[in-house]
Structure formats: C-alpha cells, structure tokens
Amino acid sequence: MEKRTMKKVLAAALATAMVATMAGCGGSGSSKGSDASADTSKKVTSVSDIAINEPGVDATGYEDETAPEGVQAGTEFHYWSNYDIPIYCPWMDNRAAVLSYQIYSNLLVKYKGDRNDIRGDLAESYEVSDDGLVWTFKLREDAKFSDGCAVEAEDFIATWDVMQQYQPRPFSSVASYEAVDAHTLKVTLSAPNPTFIYELPSQRIYGVVCKDELEKYGPEDNRSAVGTGPFYVEEYKTGESFKLKAVEDYWNEDMQAHIETVYIDIIADENTALMGLMDGSINCMNTVDIEIMNNVIDNDLTLALIEDRENPFWLNAAKVEVLKDPIVREALCHMVNWDDLSALVYDGLYPHPNSYFTGEEAPEYSSKYDYDPDLGVKMLEDAGYKLSDIKFEILADPDFTNLEVAMVQQFNDLGLTGITTVTYDGATCYGMLKSGTYDSFPCHNGYDPESPLTPFTMGLIEGGTQPCMFLKAADPDKYAEAEALYNAAATSGDLETFNDNMNKLENLVQEECLALGGLQVIRGYAFTSDVRGAYISPVSSEIQMSFLYMAE
Amino acid sequence: MLKYVIKRIIMVPFLLIAIAAFVFILLNLSAADPVLMMMPSEYTQEDYDATAKEFGLDKSKPEQFVNWVVDAVQLDFGTSYKSKAPVSDEVLFRVPVSLKLALITTLIMIAIGVPMGVMCAVKQYSVYDNIVNVLSKFLASIPGFWLGLMLIIVFSVDLGWVPSHGMNGFKSWILPVFTFLLPYLGNYVRQVRSAMLDCIRQDYVRTSRAKGQKESVVIFHDTLKNALLPIITLTGGTFASMIGGAVMIEQVFAFPGIGLKVLEGINNRDMPVILACTMILALFTIGAQLIIDILYAVVDPRIRSTFSKKKKDNTPKLATEGGIK
C-alpha cells in the first residue's frame with residue numbers, strides 16, 4: 001500500500017514537472033508585444049508573404065503617417081546589438097556602424113537611406129569641376145558638434161588624416177584634400193570617380209569628429225568621438241548598453257530626432273533578443289535567421305525584409321590545382337541546385353539571384369550556371385577527370401554551416417566524394433580568407449550598388465581581402481584583362497562609361513566561373529507595433545534613427 | 001597552520017605562470033595570423049610590420065610571453081586585437097559581475113541544498129527523500145540555456161514579472177540566479193545527502209544515540225560536522241566552476257560577465273583577451289581551492305595537527321620502537 005502511494009506521488013511529481021516544462025515550451029501565443037494585425041490587411045502568416053522593403057519607404061508599414069514635430073518627450077527606443085563597441089570613433093571598428101549612423105554625420109546624406117536621394121547635410125552645397133576631379137563642398141555655418149562647438153573645414157582635415165590610416169579604402173581615389181577657408185573644403189581626386197559621391201562624403205561611418213578633442217585625446221579614445229549626428233552618447237556601460245540622447249533643436253531640421261532616448265542594448269544571444277522583443281523591452285532587432293523570423297511572425301510582431309548581399313562560394317584556384325581548369329569550375333557550377341538548397345535549408349526565403357552581383361545593373365547569368373548535373377559529370381569525364389580527382393574543402397563559418405553541408409551532400413550524391421566541408425568560427429574564417437589558406441569559401445561579394453568597385457578592390461588589388469577572386473592563378477591573361485577593365489571603370493568620367501566597364505568586368509568574373517554562385521541573403525527587421533519611421537538602406541542595412549518615432 | 005597557508009600561497013604564482021604558458025602555447029598553435037586579422041582590407045608590408053611592432057608581435061614567442069607576464073603582473077593585459085582597447089578596461093569590470101552571480105548562487109545553494117540533503121539522509125527512503133531524489137535528478141539534467149529561455153518565456157514574456165535580460169536592479173538577477181542555481185542544486189542536494197549518509201552509519205553516531213543524546217545534537221553536531229569535509233570540497237569546487245562556467249547564463253541573460261568575454265575572445269582569436277580572462281579565472285579557481293584547503297584545516301584537526309609544531313612526546317615507547325633496550 002505504501003509502495004503504491006509512493007508511486008502515485010512520484011507520478012504526480014513527474015507529471016507536474018512535465019506540465020511545467022510544456023507550459024514553458026508552448027511559446028506565447030498571447031504575446032503582450034505588438035501586433036502587426038492592428039491593420040488586418042497587414043496580417044502575414046509566413047515570411048514569404050512579405051515583400052522586400054523598398055529604399056526610402058517606412059519598413060514598419062506606416063508610410064502615410066506624419067512624424068511628430070521635434071523630440072517626443074519621454075520616448076525610449078531599444079535597439080539590439082549582439083556585440084560591444086569598446087571604441088566608437090568612426091574609423092575604429094566597422095561593427096560600430098549602428099552607432100556611427102546616429103552620432104556622426106557627413107557632408108552629404110542618403111536621405112532616409114535612399115541612395116537616389118542624396119542631400120546636403122554638413123555641406124549646404126557642392127560643386128564638381130568639369131573634369132570630375134575637384135569636388136568643392138561649402139559647409140553650413142550653423143552646424144555644431146554635440147558639445148556645442150562649430151564645425152569647420154579643419155575638422156574634416158583632422159578627421160580624414162586619421163581615418164585614412166585606419167580605413168584607406170574610401171580614400172583610394174583621393175589625391176588630396178584641403179581646407180580652403182573655415183567653411184570650404186576641397187577634395188581632389190586622382191582620377192574621375194562617378195561613385196565617389198556614394199562613399200567618403202556621404203557615408204556616416206566616415207563622419208567627422210571635433211578636431212580639438214581628437215588632438216587632445218588621440219584616435220583610440222572615446223572622448224574623441226564627438227560627432228555632429230542627431231544623437232550623442234550620454235552613457236556607455238561597457239558590455240551592457242549605449243544610451244543615446246537626441247540633440248534638441250538639431251542644426252539640420254530634416255534630420256531632427258523624434259525619440260528622446262535610444263538604447264543600444266548589447267545582447268549576445270539572438271534568442272534572448274527575440275524574448276526581449278516579445279516582452280517589449282527591445283523595440284527592434286535584425287536577423288538573417290529564418291527561425292527567428294518565423295518566431296517574429298508567430299508572435300504577431302512586425303517584420304520587414306531588407307535585401308542584403310549574396311554569398312558566392314569562391315573557388316581558390318591558387319590553392320587547389322584542379323580548379324585552375326575552367327572546365328572543372330564550370331562543371332561544378334552545373335552541379336549545384338540552388339533552388340533546392342534555399343528550399344531545404346532556408347524555407348525558400350533566400351532566393352537564387354541571377355548574378356553574383358546584386359542590383360539592377362548586375363549582369364544576367366550565363367548558361368554556365370544552369371543546373372544540369374548530368375552535363376557537369378559528363379564535362380568532367382570528357383576532360384579526362386575521374387570524379388574522385390575533384391578534391392577540395394569548403395570552409396564554412398557558423399552562419400552558413402547548414403548550407404555547406406547540404407551543398408556538399410549534392411556533390412557527394414553525384415559521386416564527387418572528395419568535396420568536404422569544415423566549420424570554423426567567423427574570425428578564423430576571416431583570417432584564412434585574408435591569408436588565402438582555404439580551398440573554397442562562401443563570402444559575400446562585397447558588392448554594394450553604392451560602392452560597386454569594392455569587390456574588385458578587394459579581389460583584384462594585391463593584398464585585398466578576397467584573393468579568391470584573383471584570376472592570376474587560373475589565367476594570367478584574363479587577370480590582365482580584368483585589371484584593365486577595373487582601371488577603366490575606376491577612372492571613368494561618367495556613370496555610363498563606368499557602368500559599361502563594370503558590366504564587362506562582372507561578366508568576365510562570371511564567365512570564368514570563379515565562384516559557385518550563391519544565395520541572396522535577406523535580412524529581417526523585427527519591430528514592436530508602436531515603432532514608426534524605420535528607413536533602412538538595402539545591403540548596408542543603415543538605419544537612420546532620427547526618423548523613428550513612437551505611436552501615440 | 002600558518003606554515004600550511006604560506007606554503008599554498010607561494011605555489012600560486014608558479015601555478016599561474018604554468019597555466020599562462022600552457023594557454024599561450026595553445027593559442028599560438030592556431031592557424032590564424034593575429035596581425036593579418038587586424039589589418040584593413042588593403043595594406044602594405046610596411047603597415048603589416050608597423051602593426052606587428054605596435055602589438056609586440058614582431059618579437060619571438062618566448063619574448064612575447066615574458067613581456068606579457070611582466071605587464072600582467074602590473075594588471076596591464078595588453079591591447080585587444082579586435083577592439084584596440086586596453087584589455088584591462090574590457091575585462092576587469094566583468095569580474096565583479098561573475099563573482100556576484102557565483103556568490104549569490106552559491107549562498108542560495110548552501111541555504112537550500114544543505115537542509116534538503118540533511119533531511120533526505122535523515123529520512124532515507126521516505127516519500128520526501130524519493131521526491132527530492134527524483135527532482136534533483138531532473139534539475140541536474142536540465143541544460144542551462146534551455147531552462148533560461150523557458151524561464152524567460154514564462155516569467156518575462158507571459159507573466160511580465162521580471163526583465164528578460166540586462167542588469168537593471170534586483171529583479172534582473174532573479175532569473176539568472178535561479179537558472180544558474182537549479183541544475184547545480186540538484187547535484188548538490190544529492191551529494192550532501194550522500195555525505196550525510198556516510199557519516200550517519202558510523203559507530204560514533206550510534207554511540208551518541210546510545211548515550212541518549214537528543215536527535216538534533218546527533219544530526220547537527222555529530223553527523224553534519226563530520227560530513228562537512230566533502231560538502232566544503234563540493235561547495236568550493238562548485239563556486240570556482242561557477243565563476244568561469246556562467247557563459248550560458250551570461251549569454252542568455254545578457255550579463256556582461258567574464259565567461260562571455262572569454263567566449264568573445266575565443267571567437268575573435270583575441271589572444272590578449274583570452275589570456276587575461278584565463279588568468280583571472282585561474283586565479284579565482286586557485287583562490288577557491290586555497291580557501292577550501294584552509295577550511296579543511298580549520299574543520300579537520302588531523303590536517304591541523306600535521307602542520308602544527310610537534311610537541312614533546314612523553315608517551316612511553318615500546319621496545320620494538322626503540323624505547324626500552
């Protein structure tokens with residue numbers, strides 16, 4: 001009898017524990033968070049129901065609403081960052097971009113993140129000489145740093161002197177710069193560069209800092225990080241959060257912030273950030289994780305999709321002898337079924353783009369990339385290769401492991417069992433990328449419509465980040481041809497010539513099958529329902545928080 | 001006793017240097033070149049050499065290690081390869097966070113675990129003992145990260161009682177502490193029970209009862225006091241492992257502790273950060289072990305007597321011992 005009682009008690013205890021566990025697992029259908037269903041027409045049931053957000057359009061879906069005048073007293077906005085930014089001077093750390101977008105400004109601004117709407121910011125006007133070499137910017141006289149000091153041309157000189165030591169890329173076409181007077185800045189280019197306007201003068205990550213503070217504290221001290229943006233850093237708790245305050249009566253009325261206090265909360269774990277979004281302690285997060293996006297939709301939170309980069313699988317012919325043969329590279333390109341991979345690994349969210357290079361100007365795929373595994377196998381056999389001769393290892397960072405495994409499985413199923421994959425952490429991958437000690441690596445092409453030369457700067461120029469794109473090892477003559485096209489594009493006097501050379505260069509890279517193609521990454525931005533005015537640039541994912549406001 | 005403590009303290013720096021050397025060698029076996037990782041997308045050989053010199057990476061490995069040790073003694077752990085900020089600034093402020101988390105958890109673990117374990121031992125095979133036993137096994141087998149997320153869903157998202165993350169006041173410590181505590185508690189209770197049962201069956205306990213001592217005296221004075229040795233070992237070891245082992249808790253609850261920094265350092269191949277964190281964690285582990293050893297000596301007269309000055313022995317010696325010829 002006593003034994004029976006004992007069993008009952010134990011069973012009851014176990015049942016209670018299991019019920020408690022299930023309750024925990026059950027999620028929160030009744031989330032207190034936001035509801036995209038406030039307007040039933042916006043109700044979505046899956047990520048694929050959401051259209052890609054256009055630049056210059058409010059990602060929260062309230063484009064028709066009017067933003068309030070000035071700063072909304074008492075409003076707070078919590079944004080998620082999964083890493084700390086110990087030093088946030090604009091030249092220090094590319095990861096600081098989310099902060100730089102808010103606390104710095106530049107000569108020009110991509111208004112609401114739209115590259116087709118470039119307006120004056122610190123510059124009230126600018127002129128370009130007829131030969132396209134000399135750019136003269138006239139600075140606003142009322143512009144101020146967050147500490148109240150007036151902005152002068154010498155501040156740019158001091159900032160750029162430091163910046164080009166840390167970030168040389170935006171200065172690649174700059175021959176010299178000088179302060180003509182306190183409010184006039186002259187930049188001379190070494191060759192005409194039609195894309196110059198999209199980079200050094202308009203990227204907020206290259207924003208200006210106060211010369212006096214910079215000279216006093218040096219380039220690696222946060223006390224030098226005094227910017228001209230619509231927000232300033234009021235408090236930084238290392239490893240915890242940044243507290244940004246809106247500048248009252250900001251000198252640029254168009255960019256006046258509405259949220260009084262913005263917190264950038266440092267949360268290492270994406271799932272915790274999701275919980276924060278669900279309990280309302282975080283107002284916005286972004287992710288490329290399909291599962292997180294599905295959770296956002298399941299919990300009736302607002303989700304916007306932004307186009308990000310593509311990640312072709314670059315083939316390193318310098319490391320793997322067999323990859324020097326263009327037939328092998330093309331044969332491999334025929335063997336990957338990208339649509340299946342996208343459907344299998346990412347619920348079909350990440351589409352297979354028609355090019356290595358995203359954007360309207362990108363070239364079309366050639367037939368070399370058509371999925372035809374039989375043709376691929378036949379090409380290899382006709383060229384005298386055994387399938388077992390094709391041996392290389394695909395280096396994967398943890399964000400892409402699933403994709404790599406699925407892709408390798410496709411090769412293995414066709415008999416190419418010598419193709420394997422290995423996962424390292426992101427930093428190791430980056431180190432191996434720079435040193436070229438890998439066989440194949442899925443790396444974003446660096447392509448941004450606003451800086452279309454970047455992937456080639458990284459891939460064609462010696463010492464670049466992506467020596468995988470070097471044609472040298474595969475075909476020196478083609479490499480010389482590519483280099484000539486790059487130089488012609490970089491020194492084009494007008495956009496038309498530039499685009500023409502770029503298209504030829506992109507076609508050349510694709511026709512050489514230097515990569516196995518890749519998936520177009522889509523970045524999801526999740527918001528609580530009370531957020532309005534989120535304008536996000538595609539690819540760079542720049543979010544200008546000065547336009548954000550909270551619903552009444 | 002003092003000699004015993006001094007002897008243990010003298011060993012600490014040697015242990016730390018040995019650990020540092022071990023970690024340093026392991027890190028240098030990594031494939032990635034730290035200078036390369038710090039370079040911008042475009043650089044010249046001069047830039048590379050200048051960066052290597054700036055971070056002392058142009059010197060031989062033994063030289064690098066000696067320089068690091070000399071600086072570390074002055075609490076200068078170098079500059080982070082990733083952020084370029086002083087490692088001391090990035091790491092030292094995290095120590096109190098991890099320490100506080102581990103300390104609170106340990107205290108609660110003792111407060112709950114010892115009485116529960118004692119009760120289980122005293123009422124062995126009772127309903128209470130069986131329930132606690134099952135519950136302990138259940139708790140000990142729950143993965144911390146999963147438990148954390150479940151607790152957040154229930155208590156933060158659904159009920160809204162406590163914050164889901166961050167360190168904002170008393171409430172924000174509740175979930176991390178309990179997430180950390182529960183799996184440890186399950187194991188702790190079982191160990192305390194086991195230690196008590198070992199003692200409770202001893203002859204001196206039976207004798208004590210036979211002499212008519214009150215049950216409370218038998219349990220708390222005669223049994224628990226003697227069961228303290230394994231409990232102290234367990235508590236100290238648990239505390240030491242908690243300081244460095246809170247990575248999951250710190251990750252899930254966004255607590256800027258030292259465990260999270262180690263993880264970040266490892267992910268970034270940031271050698272100065274990894275070395276600094278490892279040394280701090282080693283120091284706390286060694287410190288905890290030292291305290292355990294001292295407590296051992298306090299609690300156990302046998303250990304104390306080993307290190308006490310030998311008193312003149314007046315006891316008559318047997319002929320076989322050379323006393324009487």
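Q: What distance separates the centres of domain 1 of chain B and domain 2 of chain B?
A: The two centres, taken over C-alpha atoms, are 40 Å apart. Domain 1 of chain B covers 14-88 and domain 2 covers 94-255; such bounds come from an automatic or database domain assignment. The structure is a predicted model, in which local features need pLDDT of at least 70, side-chain atom pairs count only at pLDDT 80 or more, and totals for chains, interfaces and linings use all residues. Residues are numbered from 1 along each chain as its sequence is written, while chains are lettered from A and ligands numbered from 1 in the order in which they are written.

Q: Which domains does the assignment give for chain A?
A: Domain 1 of chain A is made of 55-85 + 238-306 + 524-552, domain 2 of 105-228 and domain 3 of 312-518. The centres of domain 1 and domain 3 of chain A, taken over C-alpha atoms, are separated by 35 Å.

Q: What makes chain B more spread out than a compact globule?
A: Chain B has 15 helices and zero strands. Its radius of gyration is 26 Å, whereas the globule rule gives 20 Å for 325 residues; the value is well over the rule, and therefore chain B is described as more spread out than a compact globule. The radius is taken over C-alpha atoms, and the rule is 2.2 Å times the number of residues to the power 0.38. Along the principal axes, the C-alpha atoms of chain B fill a box of roughly 85 × 75 × 30 Å.

Q: Why is A254(B) called buried?
A: A residue is buried if 20 or more other C-beta atoms, placed from the backbone, lie within 10 Å of its own, exposed if 12 or fewer do, and partly exposed in between. A254(B) has 27 other C-beta atoms within 10 Å, and therefore it is buried. A254(B) lies in the loop between α12 (247-252) and α13 (258-267) of chain B, and its phi is near 55°, a positive value in a residue other than glycine. Of the 325 residues of chain B, 38% count as buried.

Q: How do you know whether C513(A) is buried or exposed?
A: The count for C513(A) is 23 other C-beta atoms within 10 Å, so this residue is buried. C513(A) belongs to the loop between α14 (495-511) and β17 (520-527) of chain A. Although C513(A) is not a glycine, its phi is positive, at about 50°. In chain A, 49% of the 552 residues count as buried.

Q: Why is V298(B) called partly exposed?
A: V298(B) has 13 C-beta neighbours inside 10 Å, and therefore counts as partly exposed. V298(B) lies in helix α14 (residues 271-299) of chain B. Helices (H or I, at least four residues) and strands (E, at least two) are DSSP runs, numbered from the N terminus.

Q: What makes β4 and β6 of chain A edge strands of their sheet?
A: Two strands pair if DSSP finds at least two bridges between them. The open sheet has four strands in the order β4-β5-β7-β6 (chain A), with antiparallel pairing. β4 (123-128) and β6 of chain A each have a single partner strand, so one side of each is left without a neighbour in the sheet. From one strand to the next, the twist averages 20°.

Q: How many bridges join strand β6 of chain A to β7(A)?
A: Six bridges join β6 (residues 174-181) to β7(A), and the two strands run antiparallel. They form a hairpin with two residues between them. Strand β5 (residues 134-139) of chain A pairs with β7(A) over five bridges, also in the antiparallel sense.

Methods:
Axes fitted to C-alpha atoms, helices over the stretch in contact; angles between N-to-C directions.
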